Amino acid sequence: MNEGILFLCGSVIMDVTSNILLKKSVGFRQKLWGFCALACVFAAFFFLSQAIKTMEVSTAYAMWGAAGMLTTGFIDIIFYQVRLKNSALFGMLLMIIGIIIIQTLN
């Protein structure tokens, strides 16, 4: 497995964690959760910077963004009982297809 992919996975995990912590901060009213979210954002960009050493920045960024949005969406559905519209679910399906295309054509 490409080392860049491992860093990209770490970046996605930190990005999703920051989103969850930001939600827990209640609009930054809970300062500790908010600052923890910021720390995770910095970690996410650090890992992303390591990933682009061995990957094209456009490919890494596209995969990072899509994987982060998909994972955050699934967490919202599972843990926060958010109900997404069909159009949102269709868009998420298109992102999954896009990630598959990027991975198979590289």
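Let me start with S25, which touches Q30, W33 and G34, not counting residues up to four places away in sequence, where contact means heavy atoms within 4.5 Å. This is a predicted model, in which local features need pLDDT of at least 70 and side-chain atom pairs count only at pLDDT 80 or more, while totals for chains, interfaces and linings use all residues. Residues are numbered from 1 along each chain as its sequence is written, and side-chain values use heavy atoms, with hydrogens and water left out.

S25 is found in the loop between α1 and α2, and with 0% relative accessibility it counts as buried (under 20% relative accessible area, with exposed over 50% and partly exposed in between, using a 1.4 Å probe and protein chains only). The side chain of S25 also reaches the backbone nitrogen of F28 at 3.1 Å.

F28 lies in that loop as well, is partly exposed at a relative accessible area of 23%, and has a phi near 70 degrees, a positive value in a residue other than glycine. V26, also found in the loop, has a positive phi near 50 degrees and is partly exposed at 40% relative accessibility.

Turning to the helices, α1 (residues 3-24) and α2 (residues 31-51) pack at an angle of about 165 degrees, with their axes 8 Å apart, and they are therefore roughly antiparallel to each other, a term used for angles over 145 degrees. The residues of the contact of α1 with α2 divide into 15 nonpolar, six polar and two charged.

Technical notes
Axes fitted to C-alpha atoms, helices over the stretch in contact; angles between N-to-C directions. Helix = DSSP H or I, 4+ residues; strand = E, 2+ residues; numbered from the N terminus. Parallel < 35°, antiparallel > 145°, perpendicular 65-115°, else oblique. Nonpolar A, V, L, I, M, F, W, Y, C, P; charged D, E, K, R; others polar. Polar contact = N/O pair within 3.5 Å; in protein donor to acceptor, adjacent residues only side chain to side chain.
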